[in-house]
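Below are my notes on the model you sent. They are set out as numbered points, to be read with the structure open.

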Amino acid sequence: MKISFKILALLLAFVMMLSVFAACDNGNDDGEKTSEEETTTAAGGDDSGSKEETTAKVEETTEVMPDIEKKDYKTEFYLSILSDSNPTEHYWVEKNDNDVLSAALYERQEKIKNHLGVEILASSAGHFETYTEDFKTAVKNKSGGIDTLLTHVSSGVSGLITGAYLTPFGDLPGVDLDADYWNLEFMEDLSVCDEYLLGFSDFNILYTFVIAYNVDLLAKYDDALDKSVYQMVDDYEWTLQQFIDIVKLGHIDNGSVEKNQYGLTGQQWVPWCGFLEACGVNLVEMNDQGIYEISYMNDVYKERTQNIVTALTELAASKEVCLDYKVAGANMTVPFESGRALMTLTDTIYLDNYLNFDIDFGVLPYPTYDTNQKEYRSLQWGGYLAVPAFLENEEMVGETLEMLSFFSKDVKTAYYQKLLGKQIADNPDDRRMLEIIWDSVCTDFGQTFDEICGGTLYMLPFTTSGEISLTSFYEGRTNGGNKSIINFLKKVDKKY
């Protein structure tokens with residue numbers, strides 16, 4: 001028996017040594033292999049993501065560098081960014097100022113420079129109504145100067161396509177759309193005439209709509225909840241009705257707007273419209289004949305759309321919420337950072353602003369329609385990658401885009417940390433929520449090509465809130481919208 005124990009001890013020691021060697025060997029300065037922490041929640045877990053009740057599980061994954069040979073193009077890659085939606089400094093930096101995100105961006109640029117001999121330069125494209133002008137001019141004159149444009153989510157996008165200003169991503173050398181850092185499903189939803197004219201990858205990480213909640217306030221209602229909100233998300237019980245029920249818990253009437261506590265605050269603007277997409281309704285989709293048409297009131301979606309709009313209209317009119325019918329950027333009557341609101345609808349690009357206030361916040365995806373919906377859908381508002389039809393060096397552009405997407409993993413991790421104001425290891429639940437949110441980003445033909453499809457389809461949830469009936473809204477846009485879609489596709493078909 002003693003001999004057996006000695007043998008067992010030696011075997012265990014040997015296994016441990018192998019594990020140490022394997023762990024040491026996993027790092028690689030050349031970026032050929034990287035490991036990613038992925039977290040899963042254990043049963044339980046409080047709303048603050050405490051270590052006592054939530055366990056982060058680390059799984060090793062191996063990713064291979066794109067099959068792109070080391071080169072020295074000795075050139076620049078010019079990235080034009082619509083900074084109204086996407087601050088330039090969140091995608092590119094001139095130098096490393098030791099901010100966590102700045103350092104990650106700078107390292108990404110240096111890795112590409114070392115591997116391809118390409119220096120990435122970025123500039124603001126200007127106002128959202130005019131940001132495509134320089135891009136179009138460069139294509140018309142075949143002058144180059146812009147290698148990729150980061151677009152608005154809808155404004156100006158259709159004109160780039162009907163004017164044949166874009167290179168399809170399938171034509172770009174070096175781009176592997178099957179790689180997991182490209183969101184091919186997303187791109188397929190926006191494909192036109194079987195061409196991927198708009199790109200979306202891990203590079204596009206900003207401006208996704210989320211729900212932020214006040215951790216301390218929600219903790220007061222623990223006894224009224226069967227489980228933590230994070231566990232609800234994991235169990236696909238984070239539904240529209242569950243969201244509304246929790247919102248109503250958070251209201252306290254102290255006699256005036258200046259003193260009341262509300263279950264939900266924010267702007268009844270684009271954030272409000274994310275519920276339709278989140279609840280699985282497509283504004284426009286392809287029918288059985290392969291033709292895109294306005295779909296949110298067809299036989300598949302009509303009942304769901306009506307139920308969603310009714311529920312949101314009633315919530316907006318209730319005493320439990322304080323919503324402002326204002327455009328983005330306007331001051332809110334009861335800002336979330338005041339500490340007098342349980343939840344707010346916001347976007348990832350704004351989260352780190354809450355770090356300037358004495359408030360502990362968590363993040364959640366928008367809810368599903370019901371427990372039968374087993375996927376989250378998160379409305380993104382950051383636009384797409386657009387590559388000009390004229391390129392001085394297609395191979396360089398394709399390979400640079402591929403490596404920008406591949407090397408964005410560390411940038412995303414840094415972005416999580418910047419948004420949450422904490423080390424990732426100290427906040428596994430919210431890190432996991434952000435992963436769910438960005439892994440579930442969705443778009444819609446009707447949103448992206450809004451001006452083609454009848455206008456403001458994505459504004460449906462509040463456009464119909466007491467102003468116009470849902471049926472009237474639908475009937476006023478369907479016939480003209482469907483004809484415009486057909487004409488749009490005919491124009492594109494002739495160009496590509």
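1. Contacts along the chain. Of the contacts in the chain with a separation of 6 or more, 78% are between residues 24 or more positions apart; contact means heavy atoms within 4.5 Å. This is a predicted model, in which local features need pLDDT of at least 70 and side-chain atom pairs count only at pLDDT 80 or more, while totals for chains, interfaces and linings use all residues. Residues are numbered from 1 along each chain as its sequence is written, and side-chain values use heavy atoms, with hydrogens and water left out.

2. Overall content. The chain has 16 helices and 13 strands; helices (H or I, at least four residues) and strands (E, at least two) are DSSP runs, numbered from the N terminus. Of its 496 residues, 52% count as buried, where buried means under 20% relative accessible area, exposed over 50%, and partly exposed in between (1.4 Å probe, protein chains only). The accessible surface comes to about 22,600 Å², and 47% of that belongs to carbon and sulfur atoms. Areas are from the Shrake-Rupley method with a 1.4 Å probe, and for residues only the protein chains shown count as cover.

3. Nonpolar core. The largest nonpolar core has 145 residues. Such a core is a set of buried Ala, Val, Leu, Ile, Met, Phe, Trp, Tyr and Cys residues joined through side-chain atoms within 4.5 Å. The residues with the most contacts inside this core are Trp-238, Phe-243, Leu-264, Tyr-296, Met-343, Leu-364 and Phe-449. Helix α16 (residues 470-495) supplies the largest share, 7 residues. Leaving aside neighbours within four places in sequence, Leu-364 is in contact with residues including Val-210, Val-233, Trp-238, Met-343 and Met-433.

4. Aromatic pairs. How many aromatic pairs does the structure hold? There are 24 aromatic pairs. Rings of Phe, Tyr and Trp (its six-membered ring) pair if their centres lie within 6.5 Å; planes under 30 degrees apart count as stacked, over 60 as edge-to-face and the rest as tilted. Phe-186 and Phe-200 are stacked, because their ring centres are 4.1 Å apart and their planes are at 20 degrees. Phe-186 is in helix α5 (residues 184-189) and Phe-200 in the loop between α5 and β4 (209-214), 14 residues apart. Both count as buried, Phe-186 at 3% relative accessibility and Phe-200 at 4%. Elsewhere, Trp-238, Phe-243, Trp-272, Phe-275 and Tyr-366 form one aromatic cluster.

5. Phe-336 and Tyr-354. This aromatic pair is edge-to-face, with 5.0 Å centre to centre and 65 degrees between the planes. Phe-336 lies in the loop between β8 (321-324) and β9 (341-347) and Tyr-354 in the loop between β9 and β10 (361-364), so the pair ties together parts that are 18 residues apart in sequence. Phe-336 is buried, with a relative accessible area of 0%, and Tyr-354 is buried too. Phe-336 and Tyr-213 are 123 residues apart in sequence, but 8.6 Å apart in space, C-alpha to C-alpha. Leaving aside neighbours within four places in sequence, the contacts of Phe-336 include Ala-212, Tyr-213, Thr-265, Met-343 and Phe-361.

6. Thr-346. This residue is in strand β9 and counts as buried at 6% relative accessibility. Not counting residues up to four places away in sequence, Thr-346 touches Thr-208, Phe-209, Val-210, Ala-212, Leu-351 and Tyr-354.

7. Helix α2. The 17 residues of α2 (residues 100-116) should span 24 Å at 1.5 Å a residue, and the end C-alpha atoms are 25 Å apart, which agrees; the expected span is 1.5 Å times one less than the number of residues. Buried residues of α2 include Leu-101, Leu-105, Arg-108 and Ile-112, and their cover includes β2 (118-124), α11 (394-406) and α12 (408-420). At the N-terminal end, Asp-99 caps α2, with a side-chain oxygen 3.0 Å from the backbone nitrogen of Leu-101. Just after α2, Gly-117 takes a positive phi of about 70 degrees.

8. Helix α13. Is α13 (residues 428-439) largely enclosed or exposed? 10 of its 12 residues are buried, so α13 is largely enclosed by the rest of the structure.

Notes. Polar contact = N/O pair within 3.5 Å; in protein donor to acceptor, adjacent residues only side chain to side chain.
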